[in-house]
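Here is a friendly note to read beside the model. Please keep the viewer open as you go.

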Amino acid sequence: MAGLSAWFWNERFWLPHNVTWADLENPAPGVEYPKAGHLFTALPLALGIFVVRILFERFIAGPCARSLHIHQGAGRRAQPNAVLEKVFTSITKNPDSRHLDGLSKQLDWEVRKVQRWFRHRRNQDKPSTHTKFCESMWRFTFYLCIFTYGFQFLWQSPWMWDTRHCWYGYPYQAMTPGLYHYYVTELAFYWSLMFSQFTDIKRKDFLIMFIHHLATVSLISFSYVNNMARVGSLVLCVHDASDFLLEAAKMTNYAKYQRLCDFLFIVFSVAFFITRLVIYPIWVLNSTMFESWAIVGPYPSWWLFNVLLLVLQVLHIIWSYLIARIAIKAILRGKVGNDVRSDIESSSEDESASPTQGFKTSPHPCKGENGTNGHCASAKARAQNHNSW
């Protein structure tokens, strides 16, 4: 065990040349350097954030949803059928044409009726619009608060105006209380997301988002341990700048304010493009790759940190492309289109809609539960989190 610990905390990986852990153990009086043990504070704080979220959704977000006439109404339920229920629970929740034909003959139902039953049965266990609104309102509130705090803190920090201050004197840079609180709160929030993901709305990209949260926690922790928290705070602020706009767009969608939803999504898209495709590479990557090279010089953890940030930029480009497609459709068709991450399936193809209505919107007009359009709620969620690291 001691050998494994020594290998993991190898000074030549974590620290620049001619710097040891011993050099950082005894700072001057009143000066505190980052230590790995500080990160354990985020775990009880994450639990506290999770509890605050439960109380917030129950006593604040819930009444707000009801005031907007978003109620916890039960959606359309599938009629009881023992044969189909057995297939649904033990074989498949989304039968192919072969299964549909067999069930149609066995029950003497039309194939379309069997498809409709499975669609209703899948949607039966999905969360209500009320639940999704409360979840988005919590995220909106946290993202807005943490961005406001982070921006105010960075406004008074010299490295916001001259990113070379991220590297002057590195790694002998004091961890100030403001920077520590900002970093630990962000870390605790993403830990809480990992906890709550098992109770939140289950989406198709559950595993991807879990890996994303895990990668975010790892990157924040990594940058704290090797005292890259200054440039890390810039990364956090850049990513928080558009997240609350996304959640605001989703909230207005659930409340059926379609025009406001589309407007907010366009604003979010512009903010996302500016922060992720302009500010992030010019402001952050330029500092971590070139300014740090000139002032500090490369070393193993420096290479790893920059590789991770470059991978993040690749993801920004992919997400920007997907968001741009949705934004263009919103402009051309007058509303934001649906997305494969949608957690409520379309049932409109089973309704008696006229062909003319179909051409006015899209070949397969989609409506979510409780009559909402179901577009902002999930189509734009792909950007989240990614929102984040």
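The points below look at aromatic rings and nonpolar cores.

1. This is a predicted model, where local features need pLDDT of at least 70, side-chain atom pairs count only at pLDDT 80 or more, and totals for chains, interfaces and linings use all residues. Residues are numbered from 1 along each chain as its sequence is written, and side-chain values use heavy atoms, without hydrogens and water.

2. The whole structure holds 33 aromatic pairs (rings of Phe, Tyr and Trp, the last by its six-membered ring, with centres within 6.5 Å; planes under 30 degrees apart are stacked, over 60 edge-to-face, the rest tilted). W9 and W21 make an edge-to-face pair, 6.0 Å centre to centre with 80° between the planes. Because W9 sits in the loop between α1 (2–8) and α2 (11–14) and W21 in helix α3 (residues 21–25), their pair ties together parts 12 residues apart in sequence (helices are DSSP runs of H or I, at least four residues, numbered from the N terminus).

3. Ring pairs also join F8, W9, F13, W14, W21, F222 and F305 into a cluster.

4. The largest nonpolar core has 80 residues, and F189, M228 and Y280 touch the most other members (a core is a set of buried Ala, Val, Leu, Ile, Met, Phe, Trp, Tyr and Cys residues joined through side-chain atoms within 4.5 Å; buried means under 20% relative accessible area, with a 1.4 Å probe and protein chains only). Helix α12 gives the largest share of this core, 15 residues.

Methods. Helices (H or I, at least four residues) and strands (E, at least two) are DSSP runs, numbered from the N terminus. Buried means under 20% relative accessible area, exposed over 50%, partly exposed in between (1.4 Å probe, protein chains only).
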